[in-house]
Amino acid sequence: GALMNLEGEKAGSKSEKLKFNLLFQNKYFIKTMINIMNSDFKNITSTLDATDLQLLATLQADASISNIALADKLRLSAATCLRRTKRLLQEGWIEKQVAILSSDKLGQLMGHSVTALIEVSLDKQGEELLQAFETRAVQETAVQQCWRVSPGPDFMLVVQVPDMPAYLAFTQRLLTQDANVRNVKAFFSVKRAKFGTQITLPST
């Protein structure tokens with residue numbers, strides 16, 4: 001009886017020790033992630049000053065604003081504002097400046113298109129195979145967004161095509177003919193309640 005009690009105490013001790021180790025590891029992981037995020041934030045703010053952040057926030061809300069109006073809003077000289085904007089473009093902080101078209105207006109004129117959110121699961125997930133599918137997907141003009149995701153499927157695609165025949169041709173071209181595509185699940189949009197491109201920036 002004493003031997004059984006001793007063995008039970010040892011087992012309990014091992015279980016408690018395992019729980020403690022797992023808890024310690026989780027706390028260490030969370031602390032490490034926080035340090036990494038803080039480091040990334042410091043790198044951003046050390047490269048971009050408060051004026052740069054204000055400039056980026058203004059441009060991502062309305063990139064059509066003139067340099068004169070932008071300079072006036074940020075209380076800069078026109079030359080300084082233009083120089084800062086060019087630097088942000090050259091360094092890649094501004095990826096591109098585009099016009100966002102109205103899907104509703106175009107739909108009334110040309111007919112409403114088909115928007116699909118597609119989950120794609122591959123049979124084999126080696127890095128070369130993931131990269132091969134990703135390369136093919138981003139080359140498709142119908143693919144507006146391509147995300148690698150986890151857990152669940154390997155990719156999420158946002159696809160826009162003129163009509164269902166075009167959607168069928170797209171799926172046959174990208175998905176059906178790829179022997180490594182194991183499973184596809186498509187969700188068709190019936191209404192777009194919100195669409196945005198703005199990134200939350202540190203407060204200035």
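Let me start with helix α7. Its buried residues are Tyr167, Phe170, Thr171, Leu174 and Leu175. Buried here means under 20% relative accessible area, exposed over 50%, partly exposed in between, with a 1.4 Å probe and protein chains only. Those five sit on the same side of α7, because they cover an arc of only 100° around the axis. That arc is taken from the directions from the helix axis to the C-beta atoms. Turn to the other side of α7, and Pro165 and Thr176 are exposed.

A word on the source. This is a predicted model, so local features need pLDDT of at least 70 and side-chain atom pairs count only at pLDDT 80 or more, while totals for chains, interfaces and linings use all residues. Residues are numbered from 1 along each chain as its sequence is written, and side-chain values use heavy atoms, with hydrogens and water left out.

Back to α7. What covers its buried residues? The cover includes β1, α6, β2 (143–148), β3 and β4 (181–188). Helices (H or I, at least four residues) and strands (E, at least two) are DSSP runs, numbered from the N terminus. At the N-terminal end of α7, Asp163 is the cap: a side-chain oxygen lies 2.9 Å from the backbone nitrogen of Ala166. Now the length. α7 has 13 residues, but its end C-alpha atoms are only 16 Å apart. A straight helix would reach 18 Å at 1.5 Å a residue. That expected span is 1.5 Å times one less than the number of residues.

Next, the core. A nonpolar core is a set of buried Ala, Val, Leu, Ile, Met, Phe, Trp, Tyr and Cys residues joined through side-chain atoms within 4.5 Å. The largest one has 19 residues, and Ile118, Val120, Phe133, Leu157 and Val159 touch the most other members. β1 (114–122), α6 (127–138), β3 (155–161) and α7 (164–176) each supply at least two residues. β1 gives the most, with five.

Take Leu157. Leaving out residues up to four places away in sequence, Leu157 touches Ala116, Leu117, Ile118, Val120, Phe133, Ala137, Val143, Gln145, Cys146 and Leu174. Contact means heavy atoms within 4.5 Å. There is also a second, separate core of eleven residues, including Leu48, Leu55, Leu56 and Leu88.

Last, the whole chain. How many helices and strands? Seven helices and four strands. Along the sequence, the pattern reads α-α-α-α-α-β-α-β-β-α-β. Of the 204 residues, 22% count as buried. Among contacts between residues at least 6 apart in sequence, 64% join residues at least 24 apart.

Notes. A polar contact is a pair of N or O atoms within 3.5 Å; within protein, one must be able to donate a hydrogen and the other to accept it, and residues adjacent in sequence count only if both atoms are side-chain atoms.
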